[in-house]
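User: Could you take a close look at one helix for me? I'd like to know what sits on each of its sides and what it packs against.

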Amino acid sequence: MFVYYQRKFVQIGGSEIFALSFFEEVNSHKKCFLFSLYCSEKCKLYIKKNYNSIYKRLITPSFSLGFLRFCLSFLFKKNIKIYFNYGLHEMFFLRIVFLRKIIYLAHDMFSYDEFKPISIKNINLLTKTRLKILGIVENIFSDVFVLTKKSQKERLRLLNYRPKVFNAAIRNLNSFKHNNNKKFILSLGRLEKKKNVDLIIKTFKKINKTNPKLKLHICGDGSQMKNLKEIVRIKKLSNNVSFFGFVSEKEKKLQIKNSLCVYCLDKADFDLVIWEALLQAKPVICSNTMEIDSNFIKYNWIAKSKLNVNNIYTATK
């Protein structure tokens, strides 16, 4: 029995898609469940539409015999394996008290944490103590996986142990043909500060001066939507920039397929958007923090850029 635990499914981002794809693959061989304390209606609809085999095994707290049976299995079944990437405290408790086999999918680097980034060059005593404790906690788990060698080295340096590198994959690969009929460039991802969509818009203003017919499509939803629309208004780009909000898997593939290139300027070491674009033969402009095989850069499939307008413009050209 496999269980993926996440406190809440309130939005669908890269880490959620990674986990859902992974568990759909597991579910084809072994019995598995998704356990979440809360799942929004939007997330339920998305999972049902794109991961139907998992949707049937999505468990949330309720007063029912089914939930009671799941809880008893979750806590007492001997051969259970629990995977998680959110909920460190809960899983630590289960590991210590019930000795469950728990695998931690540590998908974020400390340096690029969205809420509390850690500067490796300047770590105070309090942070050192917290990291020391965290290293002890993570070592207690059965396994810890990270997405890149870069992240592996960071944990070795900060937490004094070497996690395993897990090669993330994308399911349902199809053959795609390059299509340049529609002249637009694409930003794909949550509209949050760390995604740097504001820099894409400002770069597009510069590109638009010499390419007035070119369009920018922005797919994704988030807290920065209002601010980004205001930037578009101030830059007088309303006729050339379109916001599509959160899009379905089908619409996402169509947007990528019909674009000229795809932006992924998340300040992180890994992002699924890059691989989704490459699978459809689309070049990518990504942040210089990403861990990328040098061959993709050598053969001009990926251009890495510093997070400023001039560098992004050069990379795009």
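Analyst: Let's start with the outward side. The face of H6 turned away from its buried side carries Leu125, Leu126, Lys128, Lys132 and Ile136, which are exposed (over 50% relative accessible area; buried is under 20%, partly exposed in between, with a 1.4 Å probe and protein chains only). Before going on, a word on the basis: this is a predicted model, where local features need pLDDT of at least 70 and side-chain atom pairs count only at pLDDT 80 or more, while totals for chains, interfaces and linings use all residues. Residues are numbered from 1 along each chain as its sequence is written, and side-chain values use heavy atoms, with hydrogens and water left out.

H6 itself runs over residues 125-140, 16 residues in all, and spans 23 Å from first C-alpha to last, close to the expected 22 Å (1.5 Å times one less than its number of residues). Helices here are DSSP runs of H or I with at least four residues, strands are E runs of at least two, and both are numbered from the N terminus.

Now the inward side: Thr127, Leu131, Leu134, Gly135, Val137 and Glu138 are buried in H6. Seen down the axis, these buried residues fall within an arc of 165°, so they line one face of the helix (the arc is taken from the directions from the helix axis to the C-beta atoms). They pack against helix H5 (88-98), strand E5 (101-105), strand E6 (143-146) and helix H7 (149-159), with contact meaning heavy atoms within 4.5 Å.

Finally, at the start of H6, Asn124 brings a side-chain oxygen to within 3.3 Å of the backbone nitrogen of Leu126.

Methods
Polar contact = N/O pair within 3.5 Å; in protein donor to acceptor, adjacent residues only side chain to side chain.
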